[in-house]
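Visitor: I should like to learn how to read this structure. May we begin with the place where two chains meet?

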Amino acid sequence: MTGAELGQIAVNALLLSGILALVALGFSLVWGIMNIVNLSHGAFIVLGAYLTFWMHALWKIDPFVSIPVSMIVLFGLGYLIQRSLINQVIRAPLLATFLLTFGLEILIVNLINYFFKADTRSVQTAYSGTGFALGPVRVPYIRLGALLVSVLLVLVLGAFLNRSRLGRAIRATGMDIDAARLSGVKVAAIYALTYAIGASLAGAAGSLLSMVVPFDPNLGGPYTERAFVICVLGGLGNVVNVLIGAAVYSVVEVFVGSRLPALSQAVTFGILVLLLIVRPQGIAGKSFS
Amino acid sequence: MAKAIRLILLVAVLAALLLLPRFVSSYKLLTYTTVLCLALMAQGWNFIGGYTGYAAFGNVAFFGIGAYTTGLLMLSKWHLSFFPAVFAGALLSAFVATLIGLPVLRLKGHYFAIATLGVAEAFREIAGSWDSVTEGATGIDLPVRSDNTFFYYTALGFVVVGVFVTFLLERSKIGYGWVAIREDQDAARMLGINTTIFKVAAFALSAIFASLAGGIIAYQNIHVAPNDFFKIEYTLQMIIACIIGGTGTVWGPLLGAAVYQLLSTYIWSHFLELHPTVLGAIIIFFIVFLPRGLMQLFGRLGLVARGRRRVGWDILLANVRASRLE
C-alpha cells in the first residue's frame, strides 16, 4: 500500500465518519435516554432523502437549503409517533418497542415504495462531482460540505443537551425517570421530544446522503445497522462517544471495503459480536447490561 | 365441562388435519405444509423467545443448517434417506446452538438480539462462500420427491410431537425455570437455577425445531441456496407467528402461524403492493393492544363468558393501561 493510497483511505474515512456520526447521533440519543433500539431510524433517513430529492426536482431548491425542512417535517412525525404509539408500550418488555419500531419501519418504507416507486434516485447539482486535490488525495466538495454540516449539528446537539433547560431535562429523564418526574419534568412530552430530535437528525442525515449516494426506498436499513454498531463501539453516554464510535467504525469500513469487499458485512458483525462478548461497555462508554 | 369441550375440539382439529389431504389439491397441500413448517419454527422460537424471554433474531441460521445438512447427507457419498438426514441436521443444529449460545446468551436485551442477527448473517455468508461443501451461491439440489402428502404428514407429525414436548416441558422444572429467568434472571439464579444450562437448553431446543422445518422445506423445494434459506424473513415470520398467537403458550405458535398465513394470503390477493404496510400495521396493532396474542384475547373473552369480567374496551386496552408511560 502506497502513501497516497493510505492518505486517500484516511480522507475517505474522515469524510464518511461525519455522515455516520450524524446517522448514529439520533439513534444513540433515543437508545441512551429511553432504552429504545429504534429500528425505524432507517425509514426516517429515507424520508429525509426523498424530501430533499423532491424539493430539488420540483422547485430547484438547493439540497443544503432543504436540510432544515427535512428536519422540521421529521421532528413533527417523530413527536407524533412517540406520543401516540411508543409511549403506550414503553414499560412493556424490551421486545415490544423493538418489534413496534420494526413494524413502523416496514410500514413507512413500503408506503414510500408505493408512492415514489423503487427507482434509484440521486440529487444532481451543478457542483456534484467536483472537488479539489490535496496533493495526491482527492476531496469532493459535497462530501466535505456534508462533513461540515454533520459536525455543526453534532456541536449544536451537544450544546443543547448540556446547556439548555430542556436538554438538561432530557438527560435527567434518561438518568432517572422517577426523580425527573418528581422535579416537575413532563416525561411524556420529554420522551416525545427526544424521539423527535432523533428523527429530525435522521432526516438531516438522509438529506445529506441523497447528495452523496444514489438511493431507493431501501436506503435506510443498512444505516440503522451501522448506527447500532457505532453505538456499541463508542458506548452510550454522550455526543463524544458517538464521534469515537463513528471514527473507529468508518476506518474499519473503509479499510475492509478496500481490502475484502465481499466479506465487509461478516467482518463488521464479527468484530461487533467479539466486542460485545469481550468488552460489553464499548470502547469508551459506560457499562450497559 | 370445559375440559371435555377442549378435548372434543382437539380431536376434531386433529381429525380435520389428518383428513385434509383427501379434500384439497396436491398443489394446495404445499401451502398447508408451509403453514405447518412455520408453526414448527414458531414452536421452537417460543422456547427461547416466549418462555425464556430472550429475543432471538437469528433462528433462521438453524433453519438453514437443517436444510443444508439434510440436502448434503441425502446427496453425494452418503445417500441417506430423509429421516436419518433430517435428524442428523437437527443434532448438528443443537450442537451449533450450544456452541454459539454459551457466549452469546451472556448478553441481554437488545445486545442478544443483534448478536444473534449477526450470527445468522455470518452463516449466510459462510454458506455463500464455502464452495467445496455448499457450492456457494448456486446452492445444492436434492433428490426429487413429488409425493406432496409425504411432506404434509411429516410436518404434521413433527408439529404434534412439538405440542406434546411443549406441553410436558411447560409443566416441568425446566419450563418453570425458563419462566423464572424471563421474569427475573438474578432472582432465578438466587433460587439455585443454573441459568446458563437452562438458557442454552432453550436455545438448542429452538434450533432443533427450526432445523427440522428447514429439512422438510429443503426436500420439498429440492434446491437449497444461501439467500433463500438464510433470509431474515423466516426469523421474522416465526416471531410474528408467536406474537399473533401468544408467546409462552402451548397453542399460541400454531394458532399464530395459521392466522399469519391466512392474513398474508388474503393481503397478497387484495392489496398486492401494500402487503408490507398491512403486515407492519398488524404487528403494531398486536404489540400495542395484544402483546400476548390471541390466546390472551381468548382468555379474556373466556372470563367475560363466565361473567367474571365485563365486556368493553378494557379487553383491548388492558395492556396499554399496564405498560404506557404515566
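Visitor: How many residues of chain A are in contact with chain B?

Guide: This is a predicted model, in which local features need pLDDT of at least 70 and side-chain atom pairs count only at pLDDT 80 or more, while totals for chains, interfaces and linings use all residues. Residues are numbered from 1 along each chain as its sequence is written, and chains are lettered from A and ligands numbered from 1 in the order in which they are written. Two residues are in contact if their C-beta atoms, placed from the backbone, lie within 7 Å. Here 37 residues of chain A are in contact with 33 residues of chain B.

Visitor: Which helix of chain A gives the most to the side that touches chain B?

Guide: Helices are DSSP runs (H or I, at least four residues), numbered from the N terminus. On that side of chain A, helix 4 gives the most, with 14 residues.

Visitor: How many residues of helix 12 of chain B are buried?

Guide: A residue is buried if 20 or more other C-beta atoms lie within 10 Å of its own, with C-beta atoms placed from the backbone. In helix 12 of chain B, 11 of the 14 residues are buried, so this helix is largely enclosed by the rest of the structure. Among them are B:Y234, B:M238 and B:G245.

Visitor: What span should the 14 residues of helix 12 of chain B have?

Guide: The expected span is 1.5 Å times one less than the number of residues. For helix 12 of chain B (residues 232-245) that is 20 Å, and its end C-alpha atoms are 20 Å apart, which agrees.

Visitor: What follows helix 12 of chain B?

Guide: Just after helix 12 of chain B, B:G246 takes a positive phi of about 140°.

Note on methods:
Helix = DSSP H or I, 4+ residues; strand = E, 2+ residues; numbered from the N terminus. Buried ≥ 20, exposed ≤ 12 C-beta atoms within 10 Å, placed from the backbone.
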